[in-house]
Amino acid sequence: MPNWFDPSSEVKSPNELFGWNKPTGLLDGLVNIIVKGRSHVQILGERRAGKSSILNCLSHEISKDLSKTKLIPVIVNFNRYMDTLDSENGYNLFSACILNELENIDDLKPNNSIEISHIIINRENDVGGYLNNLSNAKLSKQKTKRFFKNLIFDIAEKGYSVLLLIDEYEAMFMGTFEGKKGSLYGVRDLVMGELPNERYFQ
């Protein structure tokens with residue numbers, strides 16, 4: 001496909017997503033597939049083809065209807081934290097990115113800390129801060145998965161669903177999780193399972 005992007009920077013706003021931001025165009029089509037169809041989408045392309053920019057714009061567009069859909073888009077990029085993650089604590093990044101996104105939602109914004117299943121995590125200003133706090137909690141591999149699961153359930157109990165927008169999937173699976181079979185069953189099980197209040201996880 002043609003590449004209209006400046007490879008030196010990611011696009012953050014749909015207004016800058018030239019060629020793909022038209023009504024009934026690629027961006028609108030993806031939003032409909034994800035939100036209305038509740039389907040899962042893979043975006044494949046060469047490096048610097050604009051995949052990260054599309055995820056940014058998807059997050060922007062889906063967030064605009066948050067009050068109606070109650071669907072929280074969360075971008076997760078393992079490439080940025082490869083030095084501090086491995087298969088033992090990889091789920092901490094999912095949780096950190098979600099916790100950071102809650103800062104933008106009045107109904108879910110934590111006060112000074114957030115408690116999930118007796119684990120208290122102090123409020124932070126960015127993903128790195130939450131990731132550091134989760135690391136300092138010294139959770140076992142199973143407990144990192146359980147915290148992530150309980151966080152999704154806690155959000156669902158408050159009436160919201162969560163959409164993971166995973167950037168650099170190969171870095172996540174082959175890097176952090178070392179290509180291990182079953183390493184992402186914790187994500188799969190939430191996608192396929194039932195959540196409170198008829199909420200869902202994508």
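Colleague: I'd like to start with the cysteines. Is C57 buried or exposed?

Modeller: Keep in mind that this is a predicted model. C57 has a relative accessibility of 0%, so it counts as buried. C97 is buried too, because its relative accessibility is 6% and the cut-off for buried is under 20%.

Colleague: How many disulfides are there?

Modeller: General idea to begin with: a disulfide is a covalent bond between the sulfur atoms of two cysteines. To count one here, we ask for two cysteine sulfur atoms within 2.5 Å. By that rule, the count for this structure is zero.

Colleague: Okay, on to the rings. How many aromatic pairs does the structure hold?

Modeller: The idea is that two rings pair if their centres lie within 6.5 Å. This structure holds eight such pairs. One of them is Y169 with F173, whose centres are 6.3 Å apart, with 25° between the planes. That pair is called stacked because planes under 30 degrees apart count that way.

Colleague: Where do Y169 and F173 lie?

Modeller: Both are in helix α7, which covers residues 169-176. They sit four residues apart, and that's about one turn of the helix. As for accessibility, Y169 comes out at 45%, so we call it partly exposed. F173 is partly exposed as well, with a relative accessible area of 23%.

Colleague: Which residues do ring pairs link into a cluster?

Modeller: That would be F78, Y91, F94, F148, F177 and F201.

Colleague: And what lies over the face of Y185?

Modeller: Here you look for a charged group above a ring, with a cut-off of 6 Å from the ring centre. In this model the residue is R188, at 4.0 Å from the centre of the Y185 ring.

Colleague: Last topic, backbone angles. What is the phi of K70?

Modeller: As background, most residues other than glycine have a negative phi. K70 isn't a glycine, yet its phi is positive, near 55°. You'll find K70 in the loop between α3 (66-69) and β1 (71-77). It counts as partly exposed because its relative accessibility is 26%.

Colleague: What about E198, where is that found?

Modeller: Look in the segment after α8, the helix spanning 185-192. The phi of E198 is also positive, near 55°, and again the residue isn't glycine.

Colleague: Is E198 buried or exposed?

Modeller: E198 has 70% relative accessibility, so it counts as exposed; the cut-off for that label is over 50%.

Notes. Residues numbered from 1 in each chain as written. Predicted model: local features only at pLDDT ≥ 70, side-chain atom pairs only at ≥ 80, totals over all residues. Heavy atoms only, no water. Phe/Tyr/Trp six-rings, centres within 6.5 Å; stacked < 30°, edge-to-face > 60°. Helix = DSSP H or I, 4+ residues; strand = E, 2+ residues; numbered from the N terminus. Buried < 20%, exposed > 50% of the residue type's maximum accessible area, 1.4 Å probe, protein only. Lys NZ or Arg CZ within 6 Å of the ring centre and 35° of its normal.
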